[in-house]
Amino acid sequence: MGFIGCAQDNTMELEGRVAVKGSSPHTYLSIKDSKSHQSYKIQNQEKFDLMKKQNQTVKIEAILIKEAIGPGFPAVIEVVEVK
């Protein structure tokens, strides 16, 4: 499990509601963390079929890809595991 040690700084556990944000054609899937109330754009939703979990609360492990840069530009994550 050496990989987890290397990526430890960017790995996070989130629990929150999955929702589609934005307006067509610029929609994206996001998760709003129930603890920090921060929203994250999910980069790889197809891998875990997260679109089907819309409006459900899920617990995930993710890697932070890009920090948030202001309103309308949320932090971007890549999901590693859905728990």
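Reader: Is Asp49 buried, partly exposed or exposed?

Author: Buried means under 20% relative accessible area, exposed means over 50%, and partly exposed is in between, using a 1.4 Å probe and protein chains only. Asp49 has 39% relative accessibility, so Asp49 counts as partly exposed. Keep in mind that this is a predicted model: local features need pLDDT of at least 70, side-chain atom pairs count only at pLDDT 80 or more, and totals for chains, interfaces and linings use all residues. Residues are numbered from 1 along each chain as its sequence is written, and side-chain values use heavy atoms, with hydrogens and water left out.

Reader: Which residue does Asp49 form a salt bridge with?

Author: The general idea is that side chains of opposite charge can pair when their charged atoms come close. Here, a salt bridge is a side-chain nitrogen of Lys or Arg within 4 Å of a carboxyl oxygen of Asp or Glu. Asp49 pairs with Lys52, with the closest N and O atoms 3.4 Å apart. Lys52 has a relative accessible area of 64%, so Lys52 is exposed.

Reader: How many salt bridges does the rule give?

Author: The count comes to 3. One of them joins Lys83 to Glu13, with 2.7 Å between the closest N and O atoms. Glu13 sits in strand 1 (residues 11–21) and Lys83 in the segment after strand 5 (75–82), so this pair ties together parts that are 70 residues apart in sequence. Strands (E, at least two residues) are DSSP runs, numbered from the N terminus. As for accessibility, Lys83 is partly exposed at 45%, while Glu13 is exposed at 51%.

Reader: What about Glu61?

Author: Glu61 also forms a salt bridge with Lys83, the closest N and O atoms being 3.5 Å apart. Glu61 is in strand 4 (residues 57–66), 22 residues from Lys83 in the chain. With 14% relative accessibility, Glu61 counts as buried.

Reader: Which residues touch the most other members of the largest nonpolar core?

Author: A nonpolar core is a set of buried Ala, Val, Leu, Ile, Met, Phe, Trp, Tyr and Cys residues joined through side-chain atoms within 4.5 Å. The largest one has 15 residues, and those touching the most other members are Met12, Leu14, Ile31, Tyr40, Ile42, Ile60 and Ile77. Strand 1, strand 2 (28–33), strand 3 (39–42), strand 4 and strand 5 each give two or more residues. Strand 4 supplies the largest share, 4 residues.
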